[in-house]
Amino acid sequence: MGILPKIDIVKELTELFQQGYIKSLRSSDTGIGYTLETLLKIKENNSGEPDFDYDGLPVELKAQRETASSRVTLMTKTPNWNPLKPKEIMEKFGYKDLHGRQALKITLTANSFNAKGFKLEVDKEVERLNIVHREYGTVAYFDIKELMQKLSDKIYKNLILVLADRKKKGKQEYFRYTKAILLQELSEEAFEKLFNDGLIVWEFRMHIKEDGGVRDHGPGFRISKNHIDKLYKKNKVIFDGSKLSEEQK
């Protein structure tokens, strides 16, 4: 790990909050995080290393729309495609999407089968997390040790989650960063509980291209922002724009 930039995130967010709504620098779902990282002069990376030093603590930064019902990606992870390959799974269990392509875009949980007959099941004897079809059985699997290693690599043990209000003018999106929560001490036990409760999901997003190849949209483990703090042993609000507004009245 190289030398991390020192950022006083509370001071920076206070100044950004006082600017009001800020134009998104990227027109996609990732615009909220990209815009904040750019304003903080943090280089975009997918290395899993912390983004900056906050008060002597190495932290990773994530940003989320305050009202978003969408989930936060914890990590992207492709399973071991055994006994079936992705193309075989789509041919066997998929459907025609709006573009007429054979596809399978589904969300899997550990506590129930989805509408397409899939769920996740832990096999502790062989330390595997299986992707199971109700009728066929296991179609692919994850190695649990690899999964936990990827989790600890991708989601650093300390995280600052920044929430933002958003508004749109035409197609242009604007953000006002309103709150920051410091989350400390990532817990693998908490991950297991949230997973077993169906609050951590795995999303399969693939279709077969015209040339017969497979287009993979990055299958990943995701969690609602409303539950991400439960992954950590400690959480603390370090910036709250609403309190700043009260003080300025």
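This is a predicted model: local features need pLDDT of at least 70, side-chain atom pairs count only at pLDDT 80 or more; totals for chains, interfaces and linings use all residues.

Residues are numbered from 1 along each chain as its sequence is written, and side-chain values use heavy atoms, with hydrogens and water left out.

The largest nonpolar core has 42 residues, and Phe204 and Leu231 are those with the most contacts inside it; such a core is a set of buried Ala, Val, Leu, Ile, Met, Phe, Trp, Tyr and Cys residues joined through side-chain atoms within 4.5 Å. Strand E12 (200–208) gives this core its largest share, five residues; helices (H or I, at least four residues) and strands (E, at least two) are DSSP runs, numbered from the N terminus. A second, separate core of 26 residues includes Ile9, Leu16, Phe52 and Leu244. Leaving aside residues up to four places away in sequence, Phe204 touches Trp81, Ile89, Met90, Leu104, Lys105, Ile106 and Leu108, where contact means heavy atoms within 4.5 Å.

Phe204 also belongs to the lining of the largest cavity, together with residues including Trp81, Ile89 and Trp202. A cavity is a set of points, on a 1 Å grid over the protein atoms alone, where a 1.4 Å probe fits but cannot get out, and its lining residues have an atom within 4 Å of a point. The largest cavity has a volume of about 60 Å³, a volume being the space filled by probe spheres set on the points, which are joined across faces, edges and corners. Strand E6 supplies the largest share of the lining, three residues, and the lining divides into eleven nonpolar, no polar and no charged residues.

In helix H2 (residues 31–39), Gly31, Ile32, Gly33, Thr35, Leu36 and Glu37 are buried, that is, under 20% relative accessible area with a 1.4 Å probe and protein chains only. These buried residues pack against helix H1 (9–18) and several strands, among them E3 (57–65) and E11 (172–186). Lys41, whose phi is positive, near 60 degrees, follows H2.

Asn114 lies in the loop between strand E6 (102–108) and strand E7 (118–123), yet Asn114 is buried, with a relative accessible area of 15%. The Asn114 side chain reaches the backbone oxygen of Thr107 at 3.1 Å. Not counting residues up to four places away in sequence, Asn114 touches Ile106, Thr107, Leu108 and Arg134.

Notes:
Buried means under 20% relative accessible area, exposed over 50%, partly exposed in between (1.4 Å probe, protein chains only). A polar contact is a pair of N or O atoms within 3.5 Å; within protein, one must be able to donate a hydrogen and the other to accept it, and residues adjacent in sequence count only if both atoms are side-chain atoms. On a 1 Å grid over the protein atoms alone, a cavity is a set of points where a 1.4 Å probe fits but cannot get out, and a pocket is an open set with protein on both sides within 12 Å along at least five of seven lines; lining residues have an atom within 4 Å of a point. Ala, Val, Leu, Ile, Met, Phe, Trp, Tyr, Cys and Pro count as nonpolar, Asp, Glu, Lys and Arg as charged, and the others, Gly among them, as polar.
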